[in-house]
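Please read the following points with the model open beside you.

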Amino acid sequence: MNWKRLFSRTPSLSPAEARQYIEKHPAADFQLLDVRQPKEYEAEHLPGAKLIPIKELPDRQAELDPDRPVLVYCAVGGRSRAAAQYLNGQGFKEVYNMAGGIKAWQGGKAAGPLDAGLELLPATAEYDEAAALAYAMEDGLQRFYLKLAAGSEEAELATTYRHLAGLEDFHKKRLAREYREQTGQTLAPAEADEQGEQGELMESGQAPSVFEAATPAEIMEQAMGLEFQAQDLYLRLAEQSRVAASREFFLAMAAEEKEHLAFLAKELEGLKE
């Protein structure tokens, strides 16, 4: 232990600064650490966060890479400050505490237990299995939006749902094109549906549910919630994967979700003007 570093001040980032850091850096370039309890994590967490309750940190610090930056958060900043100080003393090269914790966070959040959705794919799954799962989830969300559009009596809402379905279709085509370039084969809906119930899943890994929205802006906000869940799932699948190609694929899908969220955020701003 580096005693001098243990008692030196660990840098803190405000929630806004932490959000900028996360948006600026690829997920593979840093580690997002949640040091709260499992029930707190299940209620809400930042997408892609790794859960290590603070009392378990001394025994599980080997799960973290000391050479990659670590951004630590908790509920209000107390536990994360202590955890960041501890990691700093253990020789981690770059550690940041998010002051104010998740209660002060103004960005998107995910919810659910740490293992939610991970049962969809084993850690040893190869690239083709990973791609089929992602395609099935994109396809499921597209059909979900089209179903909502068909059932909507409000023309403006139906148009918004069809627009969102079109974005998912774009993602499907990009994914199918990449799969063809990687394997020389075609990734078709029928192949994805061989995953069984996965064909009925949305991007978040959850079964479809009904939106409760009265305006296009509310639809867009709920759509962004699904995208945050999807980003979280892809990052957790990447963390779980023991196959390099599959891990890189899920990281790339998470990065695409980040870009998709930025696009939806701009569209939401336009709807609220």
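1. Helix axes are lines fitted to C-alpha atoms, for helices over the stretch in contact, and angles run from 0 to 180 degrees between N-to-C directions. Helices (H or I, at least four residues) and strands (E, at least two) are DSSP runs, numbered from the N terminus. This is a predicted model, in which local features need pLDDT of at least 70 and side-chain atom pairs count only at pLDDT 80 or more, while totals for chains, interfaces and linings use all residues. Residues are numbered from 1 along each chain as its sequence is written, and side-chain values use heavy atoms, with hydrogens and water left out.

2. Consider H6 and H9 to begin with. Their axes lie 13 Å apart and form an angle of about 170°. On the H6 side, the contact (heavy atoms within 4.5 Å) is made by Leu133, Ala134, Met137, Glu138, Leu141 and Tyr145. H9 contributes Ala223, Leu226, Glu227, Leu233, Tyr234 and Leu237. Ten of these residues are nonpolar, two are charged and none is polar. In this classification Ala, Val, Leu, Ile, Met, Phe, Trp, Tyr, Cys and Pro count as nonpolar, Asp, Glu, Lys and Arg as charged, and the others, Gly among them, as polar.

3. How are H6 and H10 packed? Helix H6 (residues 127–151) and helix H10 (residues 244–272) meet at an angle of about 25°, with 8 Å between their axes. That makes H6 roughly parallel to H10. From H6, Tyr127, Ala130, Ala131, Ala134 and Glu138 touch Ala245, Ser246, Phe249, Phe250, Met253 and Glu257 of H10. Eight nonpolar, one polar and two charged residues make up this contact.

4. H10 also packs against helix H7 (residues 155–183), at an angle of about 155° and with the axes 13 Å apart. That makes H7 roughly antiparallel to H10. Among the H7 residues in the contact are His163, Leu167, Arg174 and Glu178, and H10 supplies residues including Phe249, Met253, His260 and Glu267. By class, the contact has seven nonpolar, three polar and five charged residues.

5. What volume does the largest pocket have? The space in it is about 1,100 Å³. A pocket is an open set of points on a 1 Å grid over the protein atoms alone, with protein on both sides within 12 Å along at least five of seven lines; a cavity is a set where a 1.4 Å probe fits but cannot get out, and lining residues have an atom within 4 Å of a point. Grid points are joined across faces, edges and corners, and a volume is the space filled by probe spheres set on the points. Of the 46 lining residues, Ala27, Pro47, Gly48, Gln231 and Leu235 lie nearest the centre of the pocket. H10 gives the most to this lining, with eleven residues. The lining comprises 24 nonpolar, eight polar and 14 charged residues.

6. The structure holds one cavity of 30 Å³ or more. Its lining consists of Leu121, Pro122, Ala123, Ala125, Leu237, Gln240, Ser241, Ser246 and Phe250. Helix H9 (216–240) and H10 each supply at least two of the lining residues. Six residues of the lining are nonpolar, three are polar and none is charged.

Terms used:
Angles under 35 degrees count as roughly parallel, over 145 as roughly antiparallel, 65 to 115 as roughly perpendicular and the rest as oblique.
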